[in-house]
Amino acid sequence: MTFSRKDNGEETVLAIEGALDAVTAPDLRPTLDALVAEKRRKIVVDLSALRLIDSSGVGAIVALFKRIKAQGGLVQVAGLRDQPLAIFRLLRLDRVFTS
Amino acid sequence: MIHLRLPGTLRYRDLAVRVVAAACKLVGKDGDLQKPERAFDDEVVSAFSEAWNNIAIHSYHDQPLGEVQIEIEPDHDQIWIRIQDFGASFEPARVPAPDLEALPESGLGLYIMRSFMDDVTYQPGRPNVLTLTKRLPDRVRSAGRAAGVSRRGDRKK
C-alpha cells in the first residue's frame, strides 16, 4: 500500500493505492490522525488505484469520517471500483461517502 | 484440489489471498461455462480475506505461532474452500449482526463472509474448520447446462 496527501486550500486529497487491509491500515493511521489534528475541512479519499480493501481498511476510513464530521468537516470517497466498490456497497457506505 | 499450509500470521495473508484469487479464475473454465463476472472473484477474495484476518488476529492471538491449512477446490460451477486452524475457537452464533446504520468500524468480518458466500460453516475444535462455498449465478450455470456442460453436483463434506 502506498498513499499520498495533497492539500489545496481547505481540501485534502488522500490517494491510496494497492491494498488497504489489516496489514497496511496501521501504516495509514498517523496520516489520518494528522488530518484530524489539523482539522481539515474537506477530505477526498481517492481509491481509484486501490486493488483490495478489507474490514480493517474500511474501519480506518469510517473512523476518519466520524472524526472529521464531528469537527464539522466532510469526507468523501472517490474512484471506487471492483473489489473495494463491492465492499462499500455491501456495507452501504457508497451512499455515505459519495453523497 | 489445491493444498496450502502457511503460518497463521498477517505476514502471509497476501500470499494466501493471491492463491485464492488465482483459484477463482479456474472456476467455470471447463466445458463451455463462462464466468463473466469479476464480482464472483471479488466476493470470494473478500470473504477469504476476512477469514484469514479472524485467524491471524483472533484465533492465534496470544498463542504460539500456528499453522493454517487451506484446501481449495475450484469446480466448474463453484469454488469450495476449507480453512483449518489450531488456535482459539469462537461461536459464530454469538457474533451479532452489525448495525450498518451506525457505521461500525469493526466486527464486520463474519458479516462480509456470510453476505458474499453461498455457504459458510464453522466447526470449532482442534482444528477449527471453516468452509466457504460460492456458486456461480444461476443464469451462468443455466447457460452452461444449455451448452451441454454436465453438472457434477454440489460437494458434500
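Residues are numbered from 1 along each chain as its sequence is written, while chains are lettered from A in the order in which they are written.

**View 1. The contact between chain A and chain B.** Chain B brings 20 residues to the contact and chain A brings 19, two residues being in contact if their C-beta atoms, placed from the backbone, lie within 7 Å. On the side of chain B that touches chain A, helix 2 (38–59) and helix 3 (109–116) of chain B each supply at least two residues, and helix 2 of chain B gives the most, with ten. Helices here are DSSP runs (H or I, at least four residues), numbered from the N terminus.

**View 2. Helix 3 of chain A against helix 2 of chain B.** Helix 3 (residues 82–90) of chain A packs on helix 2 of chain B at an angle of about 70 degrees, with the axes 9 Å apart, and that makes the two helices roughly perpendicular (65 to 115 degrees). Among the residues making this contact are A:Ala86 and A:Ile87 of helix 3 of chain A, and B:Val45 and B:Ser46 of helix 2 of chain B.

**View 3. Residues 150–157 of chain B.** Over this stretch pLDDT, the predictor's confidence in each residue from 0 to 100, stays under 50. Where pLDDT is low, the predicted coordinates should not be read in detail.

Methods. This is a predicted model: local features need pLDDT of at least 70, side-chain atom pairs count only at pLDDT 80 or more; totals for chains, interfaces and linings use all residues. Axes are lines fitted to C-alpha atoms, for helices over the stretch in contact, and angles run from 0 to 180 degrees between N-to-C directions. Angles under 35 degrees count as roughly parallel, over 145 as roughly antiparallel, 65 to 115 as roughly perpendicular and the rest as oblique.
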